[in-house]
Amino acid sequence: MAGRRGRSQAGQSTVEFAVMLPVLVLAVLVVVQGGLVVRDQLLVQHAAREGARTAAVSDSVAEVRDAAGRAGPLNPDRMTVTRSARQQGRPVRVTVRYRFRGVVPVVGPLMSRFTLSASVTMRAE
């Protein structure tokens with residue numbers, strides 16, 4: 001009787017593992033996708049900072065866009081850079097908006113419908 005009881009317990013753990021595996025895989029995918037969102041937000045913040053540095057010393061809006069685009073591996077087709085009016089000695093504000101696109105299977109398409117944004121203000125020289 002003891003041998004029979006041991007066999008049924010072994011099968012139970014296999015079934016529990018099979019039931020929990022999809023949940024664990026989904027949780028890992030959500031964590032990975034969340035990490036990519038955080039990474040892209042940091043890249044957007046860095047792009048806004050680089051754009052503001054350029055806007056502080058340059059009148060060219062194209063140079064501001066180029067500086068923001070070179071700041072990191074963001075897709076320039078999904079990035080919008082705007083700059084406020086520039087007057088010497090006054091603050092100039094650069095805003096970067098980036099349409100996020102999820103790349104992780106299953107959860108990526110669910111997290112692809114929002115825009116990341118960052119603004120930085122610096123004094124124009």
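**Figure 1. Order of elements along the protein chain.** From the N terminus on, the elements of the protein chain run α-α-β-β-β. That makes two helices and three strands. Helices (H or I, at least four residues) and strands (E, at least two) are DSSP runs, numbered from the N terminus. The model is predicted: local features need pLDDT of at least 70, side-chain atom pairs count only at pLDDT 80 or more, and totals for chains, interfaces and linings use all residues. Residues are numbered from 1 along each chain as its sequence is written, and side-chain values use heavy atoms, with hydrogens and water left out.

Figure 2. Along its principal axes the C-alpha trace spans about 90 × 25 × 20 Å. Of the 125 residues, 29% are buried. Buried means under 20% relative accessible area, exposed over 50%, and partly exposed in between (1.4 Å probe, protein chains only). Among contacts with a separation of 6 or more, 60% join residues 24 or more positions apart. A contact means heavy atoms within 4.5 Å.

**Figure 3. The three-stranded sheet.** An open sheet is formed by three strands in the order E1-E2-E3, with antiparallel pairing. E1 and strand E3 (115–123) stand at the edges, each with a single partner strand, so one side of each is left without a neighbour in the sheet. On average, neighbouring strands of this sheet are turned by 15° against each other, direction ignored. Axes here are lines fitted to C-alpha atoms, for helices over the stretch in contact, and angles run from 0 to 180 degrees between N-to-C directions. Strands of a sheet pair through backbone hydrogen bonds, either parallel or antiparallel.

Figure 4. Two strands pair if DSSP finds at least two bridges between them. E1 and E2 pair in the antiparallel sense over five bridges. Thr 82 has Thr 95 in E2 as its bridge partner. Thr 95 also stands opposite Ser 119 in E3. Between E2 and E3 the antiparallel pairing runs over nine bridges. Here Val 94 stands opposite Val 120 in E3. Helix H2 (residues 61–70) packs on the sheet and touches E1 and E2; the direction of H2 makes about 135° with that of E1.

**Figure 5. Arg 86 and its surroundings.** Arg 86 sits in the loop between strand E1 (79–83) and strand E2 (91–99). With 18% relative accessibility, Arg 86 counts as buried. A polar atom of the Arg 86 side chain lies 2.9 Å from the backbone oxygen of Ala 56. The backbone oxygen of Ser 58 lies 3.2 Å from a polar atom of that side chain. A polar contact is a pair of N or O atoms within 3.5 Å; within protein, one must be able to donate a hydrogen and the other to accept it, and residues adjacent in sequence count only if both atoms are side-chain atoms. Leaving aside neighbours within four places in sequence, Arg 86 is in contact with residues including Val 57, Asp 59, Val 92, Ala 124 and Glu 125.

**Figure 6. Thr 54 in helix H1.** Thr 54 is found in helix H1 (residues 2–57). Its relative accessible area is 18%, so Thr 54 is buried. Not counting residues up to four places away in sequence, Thr 54 touches Glu 63, Val 64 and Ala 67.

**Figure 7. The aromatic pair.** One aromatic pair is found in a search of the whole structure. The rings of Phe 100 and Phe 114 have their centres 5.3 Å apart and their planes at 15°, so the pair is stacked. Phe 100 and Phe 114 both lie in the loop between E2 and E3, so the pair ties together parts that are 14 residues apart in sequence. Rings of Phe, Tyr and Trp (its six-membered ring) pair if their centres lie within 6.5 Å; planes under 30 degrees apart count as stacked, over 60 as edge-to-face and the rest as tilted. Phe 100 is buried at 3% relative accessibility, whereas Phe 114 is partly exposed at 32%.

**Figure 8. Val 106 in the E2–E3 loop.** Val 106 is placed in the loop between E2 and E3. Val 106 has a positive phi of about 75° although it is not a glycine. With a relative accessible area of 57%, Val 106 is exposed.
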